[in-house]
Amino acid sequence: MQIAGRTPAMTAMTAMTLDHLSGGRFILGLGPSGPQVVEGWHGVPYGKPLTRTREYISIVRQILAREKPVEFHGEHYDIPVTGPGTTGLGKPLKSILHGNPNLPIYTASISPAGMRCAGEVADGVFPMMVDPENFDSVYLPHLKEGFAKAGGGKSLANFNVVAMVSVIISDDIEKARMPVKGMLALYIGGMGARTKNFYNDFTRHLGYEEAAAKIQDAYLSGRRAEAIAAVPDALVDETSLVGSPERIKDRLKAWKEAGRANEVGSMLLSGVTVDSLRVVAEAVL
C-alpha cells in the first residue's frame, strides 16, 4: 500500500481483515511512493517520506497491539488531531477488532536511506533489481545500519529480503530479455520526474550511469523502443532469470548461495509459467 493515500488506521483495519481471511498468512507491504504520485494523485505533500514511513509503521503496530488507546504526536501524524478546523472532541481510541500484534510488516525500497529505514522498523523488505552476487556491497551495509539502530539482535537471520525476480524461459536469449527490458525501461526512464527518479538513481549506483541517462532521455521524449534498446543486457542478466532452462539453472546457483547467507529470504517471481516455475523449483528445492 502507498502510505500517503491512506491513514494508518485504515491500513491497520484492512490488514486485520485480510489477515483473518487468509488464515494468518497476510504480510503488510508499505511504501512511500514518489513525489509525482503522492502530490499529483493523492494530493498531499511528499514531505519526508522515510519519517512518514517510520511514524506510519509505529502507529499501525500500536493499533495491532491493542495495549492501550492509540496516541501519537509526530512530524507527519497527530493522533488525536487538534488545532484549527477540529472540533476538540477527538480522543485516543482502541480498535474493537483484535488483530495479530505480530503481523509482519515489509517495506518496498531500493535507496540506501530506504534500506536503513527498512532494517530499523520493518520485518522485511521488497527490493528491486537485486543481483545476488553483489547484495553484500549494494544493500547489506545499509540494512546493517538499520539493524544496529533497531537493536535487540536484529539481523538477516530474523529479517526477510524478498527479491522480485522476472523469469522468462526461451532458447532465444534476446527474446527472453525483451519483456524484462520493457519493464526496466519503464521504471528507469519513466517512473518519476527527470530530477527525482529513484530507479534511475539506483541504476546509476549499480554502475550503469550512461545507460540510465540514455534510457531516461529516450523514455521521457516518447521514444519507448529506443529506451528499451538502451537497457543493458548485463543488467537484465544480473537481476533476472532469462534464457534456456540450463542457463537459468546455472544462474540459480548464485541465488541459492545468497539464500544460504540469508541475503535473500524469498524470491517473488514474475512472468512465470508452469514450465518456468518447474525449472526454478527443481533447481532450488
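This is a predicted model: local features need pLDDT of at least 70, side-chain atom pairs count only at pLDDT 80 or more; totals for chains, interfaces and linings use all residues.
Residues are numbered from 1 along each chain as its sequence is written, local features need pLDDT of at least 70, and side-chain atom pairs count only at pLDDT 80 or more, while totals for chains, interfaces and linings use all residues. Side-chain values use heavy atoms, with hydrogens and water left out.

The largest pocket comes in at about 1,000 Å³. A pocket here is an open set of points on a 1 Å grid over the protein atoms alone, where a 1.4 Å probe fits, with protein on both sides within 12 Å along at least five of seven lines; lining residues have an atom within 4 Å of a point. Of its 44 lining residues, S33, A108, S109, Y187 and Y199 are the closest to the centre. Helix α7 (residues 173-190) gives the most to this lining, with 5 residues. Helices are DSSP runs (H or I, at least four residues), strands likewise (E, at least two), numbered from the N terminus.

As for the second largest pocket, its volume is about 460 Å³. It is lined by 22 residues, with P8, A9, I63, V70 and I79 the closest to its centre. At least two lining residues each come from α1 (8-21), α3 (49-65) and β3 (78-79), and α1 gives the most, with 5.

Back at α7, contacts (heavy atoms within 4.5 Å) link this helix to α9: A185, L186, I188, G189 and G190 in α7 meet A212, I215, Q216, Y219 and L220 in α9.

Terms used: Grid points are joined across faces, edges and corners, and a volume is the space filled by probe spheres set on the points.
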